[in-house]
Amino acid sequence: MSATWHSNTPPPRVSAFGVAGWARVAFKGLALSSLVFGGLAILLLARLLERPLCGAQRPVTPFITVFVCRNALRILGIRLDLRGSFSPEASAIVANHSSWLDIFVLNAVKRVYFVSKAEVAAWPGIGWLARATGTVFIERSRAQAADQALLFQSRLNAGHRLLFFPEGTSSDGLRVLPFKTTLFAAFFSDELREQMLIQPVSVQYKAPHGADKRFYGWWGDMDFGPHLLAVLAASNQGSVTVTYQTPLRVADYHDRKSLSAACEDAVRRGYDADA
């Protein structure tokens, strides 16, 4: 399991919001919470029928998640720009990780299931939401590679497209951290290697005009609450660009390290294009 990333410079200072800022917090916060928890209620009700009829397959509920996430970005006012094309043949996606906003951004494009470290399942609120939306929880350990391969295979066989953050932690949004190779070992099992295509995806935020370039980044010991309030209170918002790269076939690589390096290079190319 990777450690949390820490920057050598302090995070952006949050200025006092003022009356207008707090008004935006109240309005957007109410709209966002209504959307998220209302959507979650509908998803759970739909899952009551979907589970006994379809088992592990989820033909309906992921569309609810996509709807919620697209409209969450609209409420926040963050523009979403897409580049490249999403590959329907890819069974997994790897992306850089900058912020809690990545969950909305990447779910707003296509139906995906995040792969997350096991301790997230115990986090108040966030863990519950993650479980409800089908997040795959794993231990980041080479010793667990065989078990992870079986878990991934069962989810892929159910038609789930899995999304990984190989950096293992989020950053300030100004860089791509080195990829950890541990997760890639599971893809080289006999059951997965020949069938798997992995699509690298670059996610790059552009801060609001005049704001710190790290405005959307969330890392280190930063608290979630103040960061959320700062995003809600902003009088203008920036944008996020999602760039889809050419999928990579696992069978074309000798081992997890070469595959990880190829995925990292692809993510960096897409990320640096707008730097």
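Is glycine 173 buried or exposed? I looked that up first: glycine 173 counts as buried, at 10% relative accessibility. For my notes, buried means under 20% relative accessible area, exposed over 50%, and partly exposed in between, with a 1.4 Å probe and protein chains only.

**Ground rules**

I am working with a predicted model, where local features need pLDDT of at least 70, side-chain atom pairs count only at pLDDT 80 or more, and totals for chains, interfaces and linings use all residues. Residues are numbered from 1 along each chain as its sequence is written, and side-chain values use heavy atoms, with hydrogens and water left out.

**Whole chain**

I began with the secondary structure and noted seven helices and eight strands in the protein chain. Because the radius of gyration is 19 Å, close to the 19 Å that the globule rule gives for 275 residues, I can call the chain as compact as a globular protein of that length. That radius is taken over C-alpha atoms, and the rule is 2.2 Å times the number of residues to the power 0.38. Helices here are DSSP runs of H or I with at least four residues, strands are runs of E with at least two, and both are numbered from the N terminus.

I then took the span of the C-alpha trace along its principal axes, which is about 60 × 45 × 35 Å. Buried residues make up 51% of the 275 residues. For contacts (heavy atoms within 4.5 Å), I looked at pairs with a separation of 6 or more: residues 24 or more positions apart account for 76% of them.

**Serine 99**

Next I went to serine 99, in the loop between strand 2 (92-95) and helix 3 (101-109). Serine 99 counts as buried because its relative accessibility is 0%. Where does the side chain of serine 99 reach? I found it at 2.8 Å from the backbone oxygen of tyrosine 216. Setting aside residues up to four places away in sequence, serine 99 touches Ser170, Tyr205, Tyr216, Trp218 and His227.

**Tryptophan 219 and helix 6**

I followed up with tryptophan 219, in the loop between strand 6 (197-206) and helix 6 (224-233). Tryptophan 219 is buried too, with a relative accessible area of 5%. Beyond neighbours within four places in sequence, the contacts of tryptophan 219 include Trp5, His6, Pro11, Ser170, Asp172 and Arg214.

In helix 6 I listed the buried residues His227, Leu228, Ala230, Val231, Leu232 and Ala233. I see the buried residues of helix 6 packing against helix 1 (18-54) and helix 2 (61-76).

**The loop between strands 5 and 6**

Back to glycine 173, which I placed in the loop between strand 5 (162-164) and strand 6. Not counting residues up to four places away in sequence, glycine 173 touches Ser98, Gly217 and Tyr271. Glycine 173 and glutamine 204 are 31 residues apart in sequence, and I noted 6.9 Å from C-alpha to C-alpha.

Alanine 186 lies in the loop between strand 5 and strand 6, and I have it down as buried at 2% relative accessibility. Alanine 186 and leucine 151 are 35 residues apart in sequence and 9.5 Å apart in space, C-alpha to C-alpha.

Technical notes: Polar contact = N/O pair within 3.5 Å; in protein donor to acceptor, adjacent residues only side chain to side chain.
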